[in-house]
Amino acid sequence: MVALLLAMTMVVQDSGAFVVRLGNDTVSLEQYTRTPTQLRGEYVIRTPRSVHRIYTADLNPDGTIRRLELVTHNIGGDPGPMETRQSVESWATPPL
C-alpha cells in the first residue's frame, strides 16, 4: 500500500493558468504544468510585439533548475525570425 501511495505521489502534477491585464486590455495568457522533474508552460504576450513562448525547465531533485529552454514564435508578423530557441544548462559548483 505504501509503495502504491508513493508511486501516485511521484506522478502528481501541479498546473495553473494566468491572465494578465493592464486596464481593460489583456496583455498575456499563460498556462503551466509542474511535475517533480519538470516545469513546462507556454504563454502569449502582445507587448511590445505579439509572441508565443514555450518554456521547459528540467528540475534537479531539490527543485532547482538544471536546464531551461525557451522557444519563441513570432505570431505578430513583425520582422525577424519566425522561431528562435534558447537554452541554458547549469553546472553544479563543487563544495569549498
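F18 is partly exposed, with a relative accessible area of 44%; buried means under 20% relative accessible area, exposed over 50%, and partly exposed in between, for a 1.4 Å probe and protein chains only. The residue belongs to a predicted model, in which local features need pLDDT of at least 70 and side-chain atom pairs count only at pLDDT 80 or more, while totals for chains, interfaces and linings use all residues. Residues are numbered from 1 along each chain as its sequence is written, and side-chain values use heavy atoms, with hydrogens and water left out.

## Aromatic pairs

The structure holds two aromatic pairs. Rings of Phe, Tyr and Trp (its six-membered ring) pair if their centres lie within 6.5 Å; planes under 30 degrees apart count as stacked, over 60 as edge-to-face and the rest as tilted. F18 and Y32 form a stacked pair, with 6.0 Å from centre to centre and 20° between the planes. Since F18 lies in strand β1 and Y32 in strand β2, this pair ties together parts that are 14 residues apart in sequence.

Y43 and Y55 form a tilted pair, at 6.3 Å centre to centre and with 50° between the planes. Here the link joins distant parts of the chain, Y43 in strand β3 and Y55 in strand β4, twelve residues apart. Y55 counts as buried, at 12% relative accessibility.

## Chain composition and sheet

The chain has one helix and six strands, and from the N terminus on its elements run α-β-β-β-β-β-β. Helices (H or I, at least four residues) and strands (E, at least two) are DSSP runs, numbered from the N terminus.

The six strands form an open sheet in the order β1-β2-β3-β4-β5-β6, with antiparallel pairing; two strands pair if DSSP finds at least two bridges between them. β1 (14-22) and β6 (83-89) stand at the edges, each with a single partner strand, so one side of each is left without a neighbour in the sheet. Neighbouring strands of this sheet are turned by 10° against each other on average, direction ignored; the axes are lines fitted to C-alpha atoms, for helices over the stretch in contact, and angles run from 0 to 180 degrees between N-to-C directions. Strand β2 (residues 25-34) pairs with strand β3 (residues 38-45) in the antiparallel sense over seven bridges. T33 stands opposite R40 in β3.

I54 is found in strand β4 and is partly exposed, with a relative accessible area of 22%. Leaving aside neighbours within four places in sequence, I54 is in contact (heavy atoms within 4.5 Å) with R40, G41, E42, E69, L70, V71 and H73. I54 and T72 are 18 residues apart in sequence and 6.6 Å apart in space, C-alpha to C-alpha.

## Burial, surface and confidence

Of the 96 residues of the chain, 15% count as buried. The chain exposes about 7500 Å², of which carbon and sulfur atoms supply 60%; accessible areas come from the Shrake-Rupley method with a 1.4 Å probe, and for residues only the protein chains shown count as cover. Among contacts with a separation of 6 or more, 12% are accounted for by residues 24 or more positions apart.

The average pLDDT of the chain is 85, and 82% of the residues score at least 70; pLDDT is the predictor's confidence in each residue, from 0 to 100. Confidence is lowest in helix α1 (residues 2-10), at a mean of 47, and highest in strand β4 (residues 51-59), at 97. Over residues 1-9 the pLDDT is below 50, and this stretch has zero contacts in the model beyond near neighbours in sequence.
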